[in-house]
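I opened my notebook to look at a few helices and one stretch of surface. Here is what I looked up.

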Amino acid sequence: MAKNESKNPAKEYSVGGYTFKTKEGAQAAKDELAAIKYMSSKTDSTNAKQVYILYHDIIDKKLFNTLIGMNYLKELQQFLYLSPDVPNEKIRPIPINNETKEMMEGRRELTEHKSEIRKLTKERNHYKDNFVISVIVNVVLVVVIVAMIYITLHSSNANVINYEVNLQDKYASWQEELQSQEESLNARERALNQQK
């Protein structure tokens with residue numbers, strides 16, 4: 001039996017956007033949701049006096065114990081606080097039982113973790129953006145370096161790599177010019193010597 005429990009995670013029940021760990025908790029939430037719908041249909045939600053009576057009846061009869069009911073009570077309370085027809089000091093605070101308090105504290109922890117996750121996600125995205133930018137810059141620099149090497153190797157201008165070859169070619173061409181001029185001078189000199 002222990003093997004089956006380890007394979008199947010604890011079943012969770014979803015009601016009204018909340019997850020409950022027990023079937024009883026989910027059923028209580030469903031009952032509260034049905035009660036909220038019924039009360040909302042019987043009450044004019046724009047009439048502050050009706051909302052005031054409903055709010056205090058719910059508190060007096062301790063009708064709600066789940067977060068669904070507590071959230072509904074909180075909405076009624078907020079409406080009453082904003083209404084000029086009801087003095088704020090006449091609005092009683094919402095009593096919280098231990099189970100609801102634990103659920104709300106768990107929700108608060110979840111909210112704190114979500115804000116930390118958002119912060120870490122922001123940091124990760126920032127570093128990811130910086131990484132992408134640095135990769136792009138590095139690729140561009142590598143392309144520029146390869147282009148410079150290609151130009152250097154295939155350029156006709158003298159540079160560090162082909163300087164010696166260009167210098168030897170230049171002296172060789174000068175030597176050929178000098179030899180051809182020397183030969184033409186020797187040929188003229190012979191021609192002049194033969195004329196004499």
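This is a predicted model: local features need pLDDT of at least 70, side-chain atom pairs count only at pLDDT 80 or more; totals for chains, interfaces and linings use all residues.

Entry one: helix α4. I found α4 at residues 67-82, with 16 residues. From first C-alpha to last, α4 reaches 22 Å, close to the 22 Å expected at 1.5 Å a residue. I then listed the buried residues of α4: L67, I68, G69, M70, Y72, L73, L76, Q77 and L80. I kept one rule beside that list: an α-helix has 3.6 residues a turn, so residues three or four places apart point the same way.

I found α3 at residues 48-61, with 14 residues. Its span from first C-alpha to last is 20 Å, close to the expected 20 Å. Which residues of α3 are buried? I wrote down A48, V51, L54, Y55, H56, I58 and I59. Their cover includes α2 (23-42) and α4.

Next I checked the ends of α3. At the N-terminal end, N47 is the cap. A side-chain oxygen of N47 lies 3.0 Å from the backbone nitrogen of K49. After α3 comes K62, with a positive phi near 50 degrees.

I noted a nonpolar patch of about 800 Å². I picked out V140, which is found in helix α5 (residues 98-154).

Notes
Residues are numbered from 1 along each chain as its sequence is written. Side-chain values use heavy atoms; hydrogens and water are left out. Helices (H or I, at least four residues) and strands (E, at least two) are DSSP runs, numbered from the N terminus. The expected span of a helix is 1.5 Å times one less than its number of residues. Buried means under 20% relative accessible area, exposed over 50%, partly exposed in between (1.4 Å probe, protein chains only). Patches are made of residues with over 30% relative accessible area and no salt bridge: like charges are joined within 9 Å, nonpolar side chains (Val, Leu, Ile, Met, Phe, Trp, Tyr) within 5 Å. Accessible areas come from the Shrake-Rupley method with a 1.4 Å probe; for residues, only the protein chains shown count as cover. A salt bridge is a side-chain nitrogen of Lys or Arg within 4 Å of a carboxyl oxygen of Asp or Glu. Contact means heavy atoms within 4.5 Å. A polar contact is a pair of N or O atoms within 3.5 Å; within protein, one must be able to donate a hydrogen and the other to accept it, and residues adjacent in sequence count only if both atoms are side-chain atoms.
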